[in-house]
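Colleague: Could we go through this model together? I would like to begin with the overall picture and then turn to details.

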Amino acid sequence: MFAKSIQDMINHRVEIFNELNFTNTSKYEISWTLMQDGEAIDTGIISPDVAPGERKTVTIPFVMPETLAKDGEYYLNFSVKTKEAEDFLPAGYEIAHEQVRVPAEVSHIAPVDSSQTGNVSYTTD
């Protein structure tokens, strides 16, 4: 249901593909949660209007931490739930979920190659 490219994720965009044949996505609540190493750090709800069989790119207003965790993993979890009870499904019933990786590069100090540093000398006064 949710497709993305690395560039789209950097720009906070995902493409929603409504795989249903007769139902618009506006009938459902789509929540998102930004996860850092398995813990929720941001959350929200989107209400895209995507017709059956159509695709639409939407912006997810998640906020990355100012300082990224060293070797941290970041994911966006999506949950699609019914807004109202229907037939045999109660309101709030999850009908779909998805998880996508958020690219987050943390700069690391490159190891120093001591063969490239030249001669080192030590003197005392």
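**Overall picture**

Modeller: Of the 125 residues in the chain, 25% count as buried, where buried means under 20% relative accessible area, exposed over 50%, and partly exposed in between, with a 1.4 Å probe and protein chains only. This is a predicted model, in which local features need pLDDT of at least 70 and side-chain atom pairs count only at pLDDT 80 or more, while totals for chains, interfaces and linings use all residues. Residues are numbered from 1 along each chain as its sequence is written, and side-chain values use heavy atoms, with hydrogens and water left out.

Colleague: What does the secondary structure of the chain come to?

Modeller: The chain has 1 helix and 7 strands, and from the N terminus on its elements run β-α-β-β-β-β-β-β. Helices (H or I, at least four residues) and strands (E, at least two) are DSSP runs, numbered from the N terminus.

Colleague: And how much of the accessible surface belongs to carbon and sulfur atoms?

Modeller: Carbon and sulfur atoms hold 48% of an accessible surface of about 8,800 Å². Such areas come from the Shrake-Rupley method with a 1.4 Å probe; for residues, only the protein chains shown count as cover.

Colleague: Let us move to the sheet. What is the strand order?

Modeller: An open sheet of 4 strands has the order β4-β3-β6-β7, with antiparallel pairing. Its edge strands are β4 and β7, each of which pairs on one side only. Neighbouring strands are turned by 20 degrees against each other on average, direction ignored; the axes are lines fitted to C-alpha atoms, for helices over the stretch in contact, and angles run from 0 to 180 degrees between N-to-C directions. Two strands pair if DSSP finds at least two bridges between them.

Colleague: How many bridges join β3 and β4?

Modeller: Strand β3 (residues 28–36) and strand β4 (residues 39–46) pair over 7 bridges in the antiparallel sense. Within that pairing, T33 has T43 as its bridge partner, and L34 has D42. The two strands form a hairpin with 2 residues between them, and D37 in the turn has a positive phi of about 50 degrees.

Colleague: Which residues of β6 stand opposite I30 and Q36?

Modeller: I30 stands opposite V80, and Q36 stands opposite Y74. Overall, β3 and β6 pair over 9 bridges, again antiparallel.

Colleague: Is β3 mostly covered or mostly open?

Modeller: β3 is mostly covered, with 7 of its 9 residues buried.

Colleague: What is L76 in contact with?

Modeller: Leaving aside neighbours within four places in sequence, L76 is in contact with M9, W32, T33, L34, I60, F62, E98, Q99, V100 and V102. Contact means heavy atoms within 4.5 Å.

Colleague: And T82, is that residue buried or exposed?

Modeller: T82 is buried, at a relative accessible area of 3%. It is found in strand β6 (residues 74–82). Not counting residues up to four places away in sequence, T82 touches Y28, L89, P90, A91, G92, Y93 and I95.

Colleague: Changing topic, how many salt bridges does a search of the whole structure find?

Modeller: The search finds 2 salt bridges, each defined as a side-chain nitrogen of Lys or Arg within 4 Å of a carboxyl oxygen of Asp or Glu. In one of them, E15 meets R55, with the closest N and O atoms 3.1 Å apart. E15 lies in strand β2 (residues 13–17) and R55 in strand β5 (residues 55–59), so the pair ties together parts that are 40 residues apart in sequence.

Colleague: Where do K27 and E86 lie?

Modeller: The side chains of K27 and E86 meet in a salt bridge (3.6 Å, N to O). K27 is in the loop between β2 and β3 and E86 in the loop between β6 and β7 (94–101), so this pair links distant parts of the chain, 59 residues apart. K27 is partly exposed, with a relative accessible area of 40%, and E86 counts as partly exposed at 22%.
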